[in-house]
Amino acid sequence: MLATRPAARIDAKRRATVDPRKRQFAKAQYQEQDYNFRMNFYAIPPTGDISLEQFEEWGIARLKVLAELEACQFRNRSPEETAEYMRPILQKNLPLSANSSRSGSLAEERKRDHYSHWTLRLAFSATEDLRKRFARLETMLFRLRLAQDDGRERREFIESLNMDWETVGEEEKAMFGEELRAATGAWRAKGEEEGWFKVDWERVPELVEQRRVLLKKGKAYVHIREQTSMVVGEFSRQLEAGLELSARALPRMDEDNRLSPILHHLSKSFTAPDTAYSQDASSITDSTQVNAAMIDSVVKHFPLCMQNLHRELRKNSHLKHFGRLQYTLFLKGIGLDLNNCIEFWRRSFKLIDESKFNKEYLYNIRHAYGDVGGDANKRGRGYTPYSCQKLLTEALPSAGQSHGCPYRTFSPDNLIALLQATGVNDRELLKTVRETVGKQRYHIACNLVFETQHKADLKKVKEQNLWPASELDTILHPNTYFKRSFQLANLNKFQNGDIGIDGPSQEASQ
Amino acid sequence: MPHATTPGSSPPIEDTVMSEAPIADANDAANDTTGTVEDQEDDVSAVQPPAKTSLEDMFDDDDEEDGEFSSSAQTRTADSSQEAKPTSNSSSKATDPEVMRVFYQRLFPFRYLFQWLNHSPTPTTDFSNREFAFVLPNDAYIRYQSFVSADQLRKQCVQLTPTRFEIGPEYSTNPRDRKTLRKASAFRPVAKELVFDIDMTDYDEIRTCCSGASICQKCWTFITMAIKVVDAALREDFGFKHILWVYSGRRGAHAWISDKRARQMDDQKRKSIAGYLELLRGGDKGGKKVNVKRPLHPHLERSLNILNPHFQADVLIDQDPWAEPAKSERLLQLLGDKTLTAALQKKWDASPHRSSAQKWSDIDTLASAGSLSTLTPKTLVEVKQDIRLEYTYPRLDAEVSKKLNHLLKSPFVVHPGTGRVCVPIDVRRVEDFEPESVPTIQQLLKEIDAYEGDGREDEAGEKMQDWEKTSLKPYVEYFRTHVNTLMKDEMGAKRARAEEGESMDF
């Protein structure tokens, strides 16, 4: 690294022309900014002076807020619940009052908001993963705040953004009246002001995807109420572009030995539970090594998503690509090694001859384990087993596919049937599951099933304080489900020391 | 050497690989853990299993400028063993390298393909930075090929005799130079036609005439319907003009949209168009596949109007999807109203040989006779609309459309299974298109022979192209017209920009 540095230096001719001796005393071009609005697009980096302590403290406060927001997302909280849950946390860590509050600390709050955003932007621009996640959470925060903004201030803020939106005139309204209303669902909310504006469809891809706008020759007719989501979209677009830019400038930051440790520290404490998931955290024990022949006997400990895949596999002696991938990674997560995994699939695909298996399936299994593929794939030992969040957010399976979370992909009737087939017969529980699923809280339903199935053992664990509290948290990963279920079933053995237990596994960052 | 070449372990040739193992997911999975560009590259080849051999070939390939073709060694041995005159060999297999060679030499319209991808008669980076991927006769798969001109591409095809080749995106630099770049991130896809893939396999649960790889005129109607609906949406809603529909050689169709605006879309925009067009969601256990709000979105309203006549004629009568009791259960399940389904079940049990059309009208008869419990007459109309959509609405393989860097089989190549040429479909006469009458490669070669045997060649003069002597002619001509309008548009825009630029200089 050191050797390459001189090459990366800026060409002498391109350096700032300020005399270095005077530079220290030169005035910054814009020291303090005026914050006219509560909301901020964070388009301009801060240039005023703050202390190192503030730099770190504000960053950490914002980080806490983002982590909580992410937790809300993982727990599938609805926007209202999230808003309710976040209110005290925001108030404590990152208060931001409206103009109308006449609070004396308005400027200070907004400065804090502005600076902390940029601190984290620096900390999280290093890798693609962090950038994506940061942009997603910042967008969530922005959306949350925008929704809470005072109506008038929001309008003023949006107007100040100066986006070029063309209002749809009366003539066009009359021409497309019916279609406009049908496309944008405008007649459901009576009394709402009726207005549309027109933009290139590329500006509102999310709305297009959900068919919530009228399209005519590449122009999207957007209902006035979608304005908020467009502003949010624009925010996220600009933020992503900005992060890309700061990533490129980041190497130069390395030279600052005061900031880089702080930034490094901040970004480290922001690793997702998903990425923090490690091999040893999930394999059940040291002494019980899972092998191909054992799978059928431990299926009863699998979460429903995996049980379903297993059943489909046994039924058809085949699984389609995404199902195969999901199941392979899960098996890898429970400690099945590559050779056993290949053996498992080879035996399961009993209708497929050797050469076809080797041709079409073998490579993918090996790739998932990091046995083949690019350098990065090998170094990372293949892919990470999918978390509930991943399963809950990916595209729904289409005909013939069975991957994903059954709580989400199955119709309620089919779900109940599947649960009964796997031995869940508690009528009360099935009723609650049906209700919970109806509210789209799929993974709560899954946890409910787990808790009810293991009621007695869990009680014992709690009473005797056998597990650390983190081991009793909501399950957010199919492999955690398996691990806990397996351990609960073998409680006695674990206590006797026949099988060793390893420490807390889940959610390193929470 | 981690990637030992084993000739036996080669990629599958069927196009189902693309639909069953889309590139998208592997990329995502890789991004979760690492997310470097290098990594993505390798994943792409991972999903298309032949990476083992392809890597090997890529190395070989770097020597190409020296005129060495180690990867074509096998083809050469094939040459010497087959001295027979290829065009007269009527029993030859479609994928026979010799037959393919003659096809590339004499019939494949490289010039128009070049213009189609280049958007101008003079070579630009639109073409030279474009990725091509070849499937060789030994089933090896070579990616990241690029060519400066139509002639180079032709030369390579004649030399390697690929069983088919695919077209990828235009990259920020020449794909052949990707390994010499200092930064891996400098190599990224920048533009590609927006593509769609409709495949008959997705219709297996609703077609009754054939299944799997086979296809007949009856089930081809599903593809016709899909083309009509998607084409209308792309033209009217998104304003695209240069849409080329291509027969995929066996049982599906591809669409290539070459408008500049479409070519430059990023993944998110592609995904949103795919989402706009996609309607049926959920797997086998998901229950109802159509869940749309009312009033219907104008796109769906229009689609329903296009599809209604097809539903009556092609689905109810030709496919007869609910003739068997086991199948009519699905219909009852979709209706969802307990009283109504019980009444229908009773009626159908009493007379088991009722056709789908009769069953469909039974719904209204019984409903108006008052056997509705949860549904109202109005909601019944909506439920019936949903059912019609489920049985007619296009089923897209959306993964293909969502990614900028997805490869898709080129028009005019030969389908290795059927020997049929992937010809363009004239969308104005889409109803008349018959997959069975699409010329096969063997047939075309015979046609050339017959033409030359007739001695007609002299009359036409020297300039006559070989494809003009065959039944490929109308297809190439259609393609040429398509390409010409595209180039005209593109050049018009360029000229306008150039003039504007000039006037600003002064």
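Which residue is the bridge partner of A:T167 in β2(A)? That partner is A:F197. Keep in mind as you look around that this is a predicted model.

- Four strands form an open sheet in the order β1-β2-β4-β3, and their pairing is antiparallel.
- The edges are held by β1 (166–167) and β3 (214–216) of chain A; each has a single partner strand, so one side of each is left without a neighbour in the sheet.
- For β1(A), two antiparallel bridges connect to β2 (residues 196–200) of chain A, and A:T167 with A:F197 is the bridge pair to look for here.
- As background, strands of a sheet pair through backbone hydrogen bonds, either parallel or antiparallel.

**A buried strand in chain B**
- Strand β5 (residues 194–199) of chain B is largely enclosed by the rest of the structure, because six of its six residues are buried.
- From β5(B), B:L194, B:F196 and B:I198 point one way, while B:V195, B:D197 and B:D199 point the other way; all are buried.
- β5(B) runs antiparallel to β7 (residues 252–257) of chain B, and six bridges join the two strands.
- Within β7(B), B:G252 is the bridge partner of B:D199.

**A positive patch on the surface**
- A patch of positive charge on the surface brings together A:R248, B:R182, B:K183 and B:R188.
- One of these, B:K183, sits in the loop between β3 (164–171) and β4 (189–191) of chain B.
- B:K183 counts as exposed because its relative accessibility is 55%, and the cut-off for exposed is over 50%.

Notes. Residues are numbered from 1 along each chain as its sequence is written. Chains are lettered from A and ligands numbered from 1 in the order in which they are written. This is a predicted model: local features need pLDDT of at least 70, side-chain atom pairs count only at pLDDT 80 or more; totals for chains, interfaces and linings use all residues. Side-chain values use heavy atoms; hydrogens and water are left out. Patches are made of residues with over 30% relative accessible area and no salt bridge: like charges are joined within 9 Å, nonpolar side chains (Val, Leu, Ile, Met, Phe, Trp, Tyr) within 5 Å. Accessible areas come from the Shrake-Rupley method with a 1.4 Å probe; for residues, only the protein chains shown count as cover. A salt bridge is a side-chain nitrogen of Lys or Arg within 4 Å of a carboxyl oxygen of Asp or Glu. Lys and Arg count as positive and Asp and Glu as negative; His and the chain ends are not counted. The place of a charge is taken as NZ of Lys, CZ of Arg, CG of Asp or CD of Glu. Buried means under 20% relative accessible area, exposed over 50%, partly exposed in between (1.4 Å probe, protein chains only). Two strands pair if DSSP finds at least two bridges between them.
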